[in-house]
Amino acid sequence: MELRQLVYFVEVAKREHVSEAAFALHVAQSAVSRQISNLETELGVALFEREGRNIKLTTIGKLFLTHTETALKAIDNAKQLIDEHLDPERGTIKIGFPTSLASHTLPTVISAFKGKHPNVAFHLRQGSYKFLIDAVKNREIDLAFLGPVPRDDNDVEGTILFSEKILALLPSNHPLASKERIRLDQLRNDAFVLFPKGYVLHRLAIDACKQSGFKANVSSVGEDLDAIKGLVSAGIGVTLLPESTLYETMPKFTVKVPIEFPHVTRTVGMIIPKHRKLAPSEQLFYEFVKDFFSILQQYS
């Protein structure tokens, strides 16, 4: 069994078409067909079955695909580790992040890192809270920025970089818009615009309202920050957002107001795998980020 055969097999399985796989691999269609045939002969099973002009994985083919992808990922990780040991300044780091850290925190720290280590490359992946945790566990990404930082997971290690306040974002014509600060229970009769259920910022807002003695009336939902801010700007409702999401992207016709009670905050930090040593370039970035925010805390 050759590595080339496995690579060809995965590409055909993804595209369900030999000629498209050959085009993507920059080889002749006959070469792909021959290698797949050799692989099936060696294994003694049929990995594909024809459906018209396309082909589909057999049941055993689907099982083989799962293990093949795992094996190829392990080989890629091993090669990356060797490359980075030879030169940590030329590695590639796969980083995950949530939408709430996309506009300020992530660009700030990556820009600062690239200023000192310009040859390190990044693959960035945005995702939900649970997705990012699972992706670190499954080695789909190397590390992730998160808020809040999980503290009770046996497979990931969390490092808190800073804590930030949760603010109320109100339409500019709201009766409380001119206040220097408010109590959250003053919004008990307002409609709320939140992330959907399952998003960590949804739960944070709901729990804060419960702590203030009322159940939030969620009238609208948005799956990204721009959508939520836009709905507040249009006067559809009010929302609660982390302070860092409102540094430089305040939408028109809105105001941000601090909440004096309850004191709502979240931690922001990074997670890395507990049971896998970081590659040299990953460790370089990880240490840089911790130092970067430690220095910021000293001057804040």
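## Burial and basis of the model

A residue counts as buried when its relative accessible area is under 20%, as exposed when it is over 50%, and as partly exposed in between (1.4 Å probe, protein chains only). By this rule, 47% of the 300 residues of the chain are buried.

The model is predicted: local features need pLDDT of at least 70, side-chain atom pairs count only at pLDDT 80 or more, and totals for chains, interfaces and linings use all residues. Residues are numbered from 1 along each chain as its sequence is written, and side-chain values use heavy atoms, without hydrogens and water.

## Overall shape

The C-alpha trace spans about 75 × 45 × 35 Å along its principal axes. The radius of gyration of the chain, taken over C-alpha atoms, is 25 Å, while a compact globule of 300 residues would have one near 19 Å. The rule for the globule is 2.2 Å times the number of residues to the power 0.38.

## Secondary structure

The chain has nine helices and 13 strands. These are DSSP runs, with helices (H or I) of at least four residues and strands (E) of at least two, numbered from the N terminus.

UniProt, in an unreviewed entry, places the feature "domain: HTH lysR-type" at residues 1-58; such annotations may be inferred rather than shown by experiment. Over residues 1-58 the chain is 62% helix and 14% strand, with 19 Å between the end C-alpha atoms.

## Residue D226

Helix α8 covers residues 225-233 and includes D226. D226 is exposed because its relative accessible area is 63%. The C-alpha atom of D226 is 9.9 Å from that of M250, which is 24 residues away along the chain.
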